[in-house]
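Dear colleague,

Please keep it open beside you as you read.

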Amino acid sequence: MTSADMGKAKSGSLYAPRKAIYPKEVEGEFRRIKWGLLAFTLSVYYLLPFVRWDRGPGAPSQAVLVDFPHRRFYFFFIEIWPQEVYYLTGLLILAALVLFLMNALAGRVWCGYLCPQTVWTDLYLAAERWIEGDARERARKDAGPRSAKIWREKIAKHSLWLLIAWWTGGAWVLYFADAPTLVYALATFQPGISEAYIWIGILTFTTYMLAGHMREQVCLYMCPWPRIQAALTDEYALNVTYRYDRGEPRMSLKQASALRLAGAPAGDCVDCGQCVAVCPTGVDIRKGASFGCVQCGLCIDACDAVMGKIGRSARLIAYDTQMNCDRRRKGEAPVYKPLRARTIIYAALILAIGALMTAKLATREDAALSVLHDRNPLAVTLKDGSIRNAYTIRFANMSAEPRRFLLETSGVEDAEVEIVGVEPDIEGRMIVGVGADQTRETRVLVTWRGARRAKGQTPILFTSKELESDASVTMRDVFVTP
Amino acid sequence: MSTRQAHSDAARIDPHSKTRTTGHEWDGIEELDTPLPRWWVITFYATILWSIGYFLAYPALPTLSGGTQGLIGWHSRASVARDMEQLNEIRGPVLERLANAPLEEIEARPQLLSAVRALGAAAFANNCAGCHGAGAQGAKGYPNLNDDDWLWGGKLADIRRTIEHGVRWDADKETRSETMPAFGRDGMLDAKQISIVADQVRAMAKLPGGKATPQGAKLFDDNCSVCHGVDGKGNHDMGAPNLTDALWLFGSDKETIASRIANGGGGVMPAWKDRLDEPTIKALTIYVHTLGGGE
């Protein structure tokens, strides 16, 4: 669809009414790939919350769980604390780069195969076909008078759509609470889970609206990706392309065979319109690259079927480039260059960030320490003239066992360290016990008798040593002398 | 004044859009009479109906002595009360444990200690920060609660008593009432004697320029040692400051010390017993004790 098409509207009105699109069913290689990916992605989405992962007693046993009340994110063997949210940033950067790489290799292939909008729209179209019949039938029913049978079908279709939408919203909330418990609570109308109902409601509504009623309009009007991808693609990226060098001039089958018998060239395209009939966004791919094209390849399947029937070779429409069409027409060999500067840079960045995250994850400390200097007052003078600074120190024990941490300081000689609420042991050591998977905030007082000699700030190091393993974390701060 | 032009007052059909005009014309540009979409108009009327309902249901019109109350009896105070109730419900278990635990034990229980410190910090900010400062760092005449110098004692029980009954707070019978006499103003010492005592005190505190004399020692013994002790180390029971340490509530220069001797008196702290509830006073006691000065 070109912008001229989209602007075509009743003169005088600012808005073009939506043209109903009835995509026709199609079979073929790309359709099979799409079914496979649809089954895979939806099963992951619907079933993942039910996968269990044993983390020992007291910890949730759900493989993937966003635990907002306790501020934890669980992903199989990984447990993310709020201060480690950079993993999420890394993941988002990776996702963006993978999208860029996919785009540099094969255009908007994400849109056609993996985008949730495409996947659910496909599912909704399948439901629609199952109840109301294929494209031609649906168009006829919508144009004709409403009979009782048509009303029954419409009600059945919308009910099935709503059911899918509801199940979609239902699966969403399962990522935020223990799935079996929540399913039971939802099924038995337990009180106190109003957030779950609200979120199911929101997701049901958006799924039903976007996949059922808005479909290609989401891709054409709402989604920014077609605009962005135009800036990310280049002449070597594969796109669903009508090979006009082979297809043009269009003519009837009879004309074409007559011409070929006479030894004259003839186009392969018989203008059957099947590529347009099956397109979920109503694009005519023969008009050239279009921002409406989501690269799903269904027109390739449709065209291949026709080419097979008329005994011409397949892939009149194929993943190819405009540039290659031009080159072939000029008698030059087509060029395929998956290895280009941009794809290599994207791949390298993906590898680098992936490696960085893996390394960070592998060497992840399961204990953390944070030190906050009292700001008001910065320093306190005591009776004997010595200076004391106070710090808020938080010990984090990110393991499944309760552990004990020994607090030590260095940098300020002869500093006396005291932790409010913690008695030193016989050797005078400060040991703080922290429960499994918990943090403990302590108030630490550091008194320095010789502080008068050092005006201003003196660096001080706080070290927390895990007693059993001797693993330690050190944080730097300052001792302030007035 | 009208910007309309007389000749174009009549509505007509615009030839380009085939739409009626309103007849308004400015510099040759006419206004089309485009009706609003129906849903828009319905929404508009619905908001008017809604506002009438809202107007009746909630307090809306101010009157000379108050205002209309609204039909559903909603009141902002009632919703605050409900919020407070919910808050107390959440805090309930902690407050109960706090009420039952002796002061000395609370500090040894990490979870209770952190809850009490949070509660105490909030109560401190609301009630105490005005004089003692946001971080309890004090100011001239207002004690720093972070240090280890205590006029009336820094044990849990001492701190609690000070909070409950205040200092020199006449409305409370159990308040701490001892006051430094005004030796100069009341004619017990003359200016020269005050100067000598001030020098003596500064010598006892080992402040530079301090000067101990036999006369000073005698004057101190006769007038000051009753409260401040023979060695000048002060007395918690009387709120008499230690005069030999490094901390001076009002300042350590000779002029200030002389003025304190001459005019006497001391700071005042309100009694909080009737204004704060038991758990809050307990939390404040612990909070102040854990600031670092607690004995």
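**Where the two chains meet**

Between chain A and chain B the count of salt bridges is zero, a salt bridge being a side-chain nitrogen of Lys or Arg within 4 Å of a carboxyl oxygen of Asp or Glu. Please bear in mind that this is a predicted model, in which local features need pLDDT of at least 70 and side-chain atom pairs count only at pLDDT 80 or more, while totals for chains, interfaces and linings use all residues. Residues are numbered from 1 along each chain as its sequence is written, chains are lettered from A and ligands numbered from 1 in the order in which they are written, and side-chain values use heavy atoms, with hydrogens and water left out.

Across the interface of chain A and chain B there are six residue pairs in polar contact, both residues being at pLDDT 80 or more; a polar contact is a pair of N or O atoms within 3.5 Å, where, within protein, one must be able to donate a hydrogen and the other to accept it, and residues adjacent in sequence count only if both atoms are side-chain atoms. In contact terms (heavy atoms within 4.5 Å), 13 residues of chain A meet 21 residues of chain B. The area buried between them, that is, the accessible area (1.4 Å probe) that two parts lose on being put together, summed over both, is about 1400 Å², and carbon and sulfur atoms give 53% of it. Asn376(A), Lys383(A) and Arg443(A) supply 42% of the area that chain A buries against chain B, more than any other three residues.

Most residues other than glycine have a negative phi, and most peptide bonds are trans. Asn376(A), already named for its share of the buried area, is joined to Pro377(A) by a cis peptide bond with omega near 5°, and Pro377(A) lies in the loop between strand E6 (367–373) and strand E7 of chain A; helices (H or I, at least four residues) and strands (E, at least two) are DSSP runs, numbered from the N terminus. A cis bond also runs from Glu248(A) to Pro249(A), with omega near -10°, and Pro249(A) is found in the loop between helix H12 (244–247) and helix H13 (253–261) of chain A. Arg215(A), a residue other than glycine, has a positive phi near 40° and sits in the loop between helix H9 (194–214) and helix H10 (216–222) of chain A.
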